[in-house]
Amino acid sequence: MIQKHRRKQAAIVAGVGLGVAATLWGMKRWQQLKQTPPVSPRSHHAGLAGYYQQIGDWRMFTRVTPNESQGLPVVLVHGLVMSGRAMEPLALALSRDYHVLVPDLPGFGASALPASAPVMSVDQLADALWLWLQHNGFQRAIWVGNSFGCQILAALAVKYPQAVAGLVLQGPTVDRHARSLPRQLWRDWRNGRLEARRPPGPLARIDYAKAGLRRAFGTMRAMMRDHIEHRLTYISAPTLLLRGSRDPVCPARWLDELAALMPHSETLTLRDGTHTLHYVYPWSFCSAIRPFLARIQQEDQHE
Amino acid sequence: MSKPPKGIARFDSAAAMLLALANALHDRPFASPSQSPTLDRLLPSLNRLPTGLREWGYALGGMAEGITLRQAGELDVEGIAEWMVSEYPQQDYPAAFIGSSNGALIHLAAAMGVPWLPQTFLCPVRAANNDPDDAQASFEQGKEIAAALLAAWPRLAVHHMQDPNQDRLMLDQMRYFRLKLRALPLAFNEFLMGSLPAGSTLFINHCTRQWPVTRTSDRSFFQFGALGGATEKEYLQGGPRVAEYLARYGIDRERWTPPAITDHVPEAEWGLDGYLISPLKKLAEAQGLKLMEIRYEDPEAMSYVVAEIYRDWYLAAGILPTRLTVDSFLLMDPWCSMQQHAIPFWLVFCTEPSAAALQRFLEKQPPFRNIDMMLFSHGTDSIGLAEIARWQALLAYAREEGALIGVDEERFPRDFATFARFDSALRERAPLLPPPPPLSVEKVITGIQRYGAKHGVTLTALT
């Protein structure tokens, strides 16, 4: 009887010990992920540089391509809880023709904020982008957003139309017919299955560690509350709406609805593309939007 | 190397050649076409079984590769293309090949250190209790599967292939569909754009070999017979060799009776479907690539040309090549051939026409000191099969030693353990030395121009 009791105790102690060890290991790993340099070594070798700036209350990090060509800069805005890291392949593909800037939104990636800082709304993030643009000495830019980034760009284009020469919205969220976290997470999981051979998951882990779970969930809530369809009607800048044909997060019907709201928009479907198009298929993304970018650049020169 | 997704057969030209080349580009041998250490361990035991059981085991192994009708309708072509490109190292290349499968071309690409993307792959679909000799029934029953595959990806051409001569064992429980990509999957597009800087060369490997077929739609065909030991006429009209073969297998027929021929289209396994050329031209123009087309009819024509290019490549590096490695269908290891400073000569199959091709080559070459030869086993005493004695006679062309590599001569053509054995056996044949520096694109272009004309291989610039 006593032996049985002892065995039970030993099992509990071993279980607790294992649990503590796993937690410690997890915390250590989490800390390591937080320390990941903001620009991946591969992109760094390809010429992508980065710098920090104090912008208002935030310290923001920006990646920039070596091409200092004249004309409008192209700014890439990342999606939910991700960072500009995921935009690096697209930035490099676009850098053959354009000067590309990739900021990390405040609170994400290398523009990390302390956990005590408040979670920013879509409008506040748009304000931050506007300030960031001015700090970098540009009046206007062509903006390319993915997923949640599209919501921020829509807010920016409505609030500061003078800053937006053109907009590319790829896989805009949140489909109003599936406006709930479980449904969005389910769609995201289905998308992950399609991207299994080139998964953006490892990048997402780094960015979640950097942003922190509190900010991640807070921003998800902000994303759900924001209605992109209520903003698009007021956008006057020429806009390209783009989706991959297999993207479960942004269905074709949703994109058509958005296009109907915008008089100056055009839509494009990239055959067989998925939701994280900018990361999984950057070259195809680049060649799909190149004619649109070239047209905006040309129109800007005439002005 | 990751496991291929469902819907692409590993024991086939496209998948195996892709893996052989990818391994060479990763600087390692092509040790296992099966990609499965368990299967590699099982194969030698399978070889010890009596003939009937061995054939049954072979067919069972093939069946494991097959998919169901339902899976055919959900075939993930994009996922298969993703797998293909993910096998190669991610880096910039000075050139790339795309198009027809060809063993000699794999050696050429390996010497250059550049990738090749296949247009065609084999998708076996399970279908219980078939009669491999009943062409009419296969034709009718295959239509449903072909329709499912056509719907799975709208830019696919589906070639239903029925070859009771050479695929007899597999056809009992499966139907063969060779799928040709008529447009570039997004993964191919991405790979080519991302890894070929402006000014690089994209070679289209265009085998013009055709085969008489019964067309069932704009994108689907039924091909009876295949390139190998028997002739087109024998498949379609019969002959003494066909009657004898059928009698040998106890089949109550004089000849096969395939459905009426309505068209001639690119051969299912080796031919190139020309629809792919137009998207490649667009890609080359947009990316500033040089687009060139290598064109030939007989797949083995490339073997002569590549052997000559290899010889020049070795000589330029101060190496006197005295060793010949003869590949058989998918049994090849370009990494090993280069490391042994051997000239490769690839044969389509273990049949008499291939043996004759090798003989023509050997007769015109200065004698090799060593000849190493692999032999593919397909499990059937098929029409036109070249027996062991015939191959041994060819090995006698070697000045010092000619040897069959990893082949169990008594069990051929049912020597299934050769898949697991050939590569380690080949590596033991000679010391592995560093190969010459990678073959340049210019050398390849001048090589094909110089040696191609004699063997019916042409090179044309398309941009």
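Student: In β8(B), which residue is the bridge partner of H159(B)?
Tutor: This is a predicted model, in which local features need pLDDT of at least 70, side-chain atom pairs count only at pLDDT 80 or more, and totals for chains, interfaces and linings use all residues. Residues are numbered from 1 along each chain as its sequence is written, with chains lettered from A and ligands numbered from 1 in the order in which they are written. Strand β4 (residues 156–162) of chain B pairs with β8 (residues 220–224) of chain B in the parallel sense over 5 bridges; strands are DSSP runs (E, at least two residues) and helices likewise (H or I, at least four), numbered from the N terminus, and pairing takes at least two DSSP bridges. The partner of H159(B) in β8(B) is F221(B).

Student: Which strands of chain B stand at the edges of the sheet, and why is one side of each without a neighbour?
Tutor: The open sheet has 6 strands with mixed pairing, in the order β3-β5-β4-β8-β7-β9 (chain B). Each edge strand has a single partner, so one side lacks a neighbour in the sheet; these strands are β3 (120–126) and β9 (263–266) of chain B.

Student: At about what angle to β4(B) does helix α7 of chain B run?
Tutor: Helix α7 (residues 135–152) lies across β3, β4, β5 (174–181), β7 (210–215) and β8 of chain B. Axes are lines fitted to C-alpha atoms, for helices over the stretch in contact (C-beta atoms, placed from the backbone, within 7 Å). Angles run from 0 to 180 degrees between N-to-C directions. The angle of α7 to β4(B) is about 155°.

Student: How far apart are the axes of α15 and α16 of chain B?
Tutor: A355(B), L358(B), Q359(B) and L362(B) in α15(B) meet R390(B), W391(B) and L394(B) in α16(B). Helices α15 (residues 352–364) and α16 (residues 388–395) of chain B pack at an angle of about 10°, and their axes are 10 Å apart.

Student: Where is D272(A), and is D272(A) buried or exposed?
Tutor: Phi of D272(A) is near 70°, a positive value in a residue other than glycine. D272(A) is in the loop between β8 (265–270) and α10 (277–280) of chain A. A residue is buried with 20 or more other C-beta atoms within 10 Å of its own, exposed with 12 or fewer, and partly exposed in between, with C-beta atoms placed from the backbone. With 23 C-beta neighbours inside 10 Å, D272(A) counts as buried.

Note on methods: Contact = placed C-beta atoms within 7 Å.
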